[in-house]
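Subject: Handing over a structure

Hello,

Here is the structure I promised to pass on to you. Have a look at it first, and then read on for what turned up.

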Amino acid sequence: MKITVKELVILSMLGSLMFLGQYIFQFIPNIEVVSLFIIIFSLIYRYKILYSITLFIMLMGIFYGFGLWILGYLIIWPLLCVMTIILSKYLKENYFILSLFSATFGFLFGAFYAIPYIFVGGASLAFVYWISGIVFDIIHMIGNFFIMLFVGKTLYNIIVKINMLYLKL
């Protein structure tokens with residue numbers, strides 16, 4: 001995956017934007033824009049957005065400290081990118097379907113996040129961890145649905161315009 005210096009700068013800014021978006025909304029439990037960003041950016045940049053996701057995860061680790069939680073992020077966010085790219089022909093420019101996809105991911109977030117706990121305490125610990133946070137996953141699901149529904153198209157159009165102006169794509 002070869003990238004130009006211009007792409008590297010844009011991808012770095014997008015990774016920083018993911019971190020800033022997460023930081024700004026941290027006071028509201030399970031309402032976040034990172035899922036929105038990764039889905040929209042994956043539709044546009046495809047696998048190149050994995051550079052931005054890596055930067056985002058590194059910034060999270062530097063800012064909050066590296067703990068077991070970071071293993072969940074190393075699974076969740078690249079997985080969302082790959083799932084978005086694989087399903088892109090069904091998702092692209094249909095913002096209601098994108099909203100349902102984002103909501104489903106929000107609901108399953110806790111299950112994906114529990115995967116590292118399988119290796120720490122077994123499948124039963126991972127299951128209990130997931131079930132104990134199911135209320136927050138429901139909040140996450142609802143938040144992801146409405147954020148994508150109301151902001152997704154605008155964000156997509158802005159990023160496409162940035163590409164036309166700066167990357168000549």
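Lysine 2 sits in the segment before α1; helices here are DSSP runs of H or I with at least four residues, strands are runs of E with at least two, and both are numbered from the N terminus. Please keep in mind that this is a predicted model, where local features need pLDDT of at least 70, side-chain atom pairs count only at pLDDT 80 or more, and totals for chains, interfaces and linings use all residues. Residues are numbered from 1 along each chain as its sequence is written, and side-chain values use heavy atoms, with hydrogens and water left out.

Back to the start of the chain. Lysine 2 counts as exposed because its relative accessibility is 77% (buried means under 20% relative accessible area, exposed over 50%, and partly exposed in between, with a 1.4 Å probe and protein chains only). Leaving aside neighbours within four places in sequence, lysine 2 is in contact with Glu7 and Lys48, where contact means heavy atoms within 4.5 Å. Lysine 2 and lysine 48 are 46 residues apart along the chain, and their C-alpha atoms are separated by 8.8 Å.

Glutamate 7 belongs to helix α1 and, at 11% relative accessibility, counts as buried. Its side chain makes a polar contact of 2.8 Å with that of lysine 48. Such a contact is a pair of N or O atoms within 3.5 Å; within protein, one must be able to donate a hydrogen and the other to accept it, and residues adjacent in sequence count only if both atoms are side-chain atoms. Beyond four places in sequence, glutamate 7 touches Lys2, Lys48 and Leu167.

The largest nonpolar core has 42 residues, and Ile40, Phe41, Tyr45, Ile49, Phe56 and Trp77 touch the most other members. A nonpolar core is a set of buried Ala, Val, Leu, Ile, Met, Phe, Trp, Tyr and Cys residues joined through side-chain atoms within 4.5 Å. Helices α1 (5–24), α2 (34–45), α3 (49–64), α4 (69–86), α6 (95–113) and α9 (134–167) each supply at least two residues of this core, and α2 gives the most, with 10 residues. Not counting residues up to four places away in sequence, phenylalanine 56 touches Gly15, Met18, Phe19, Gln22, Val34, Tyr73 and Trp77.

Serine 42, in helix α2, is buried, with a relative accessible area of 0%. With residues up to four places away left out, serine 42 touches Ile49, Cys81, Thr84 and Ile85.

On a 1 Å grid over the protein atoms alone, a pocket is an open set of points where a 1.4 Å probe fits, with protein on both sides within 12 Å along at least five of seven lines; lining residues have an atom within 4 Å of a point. Of the 23 residues that line the largest pocket, Asn30, Tyr73, Phe109, Tyr113 and His140 are the closest to its centre. Helices α4, α6, α8 (123–132) and α9 each supply at least two residues of the lining.

Happy exploring!
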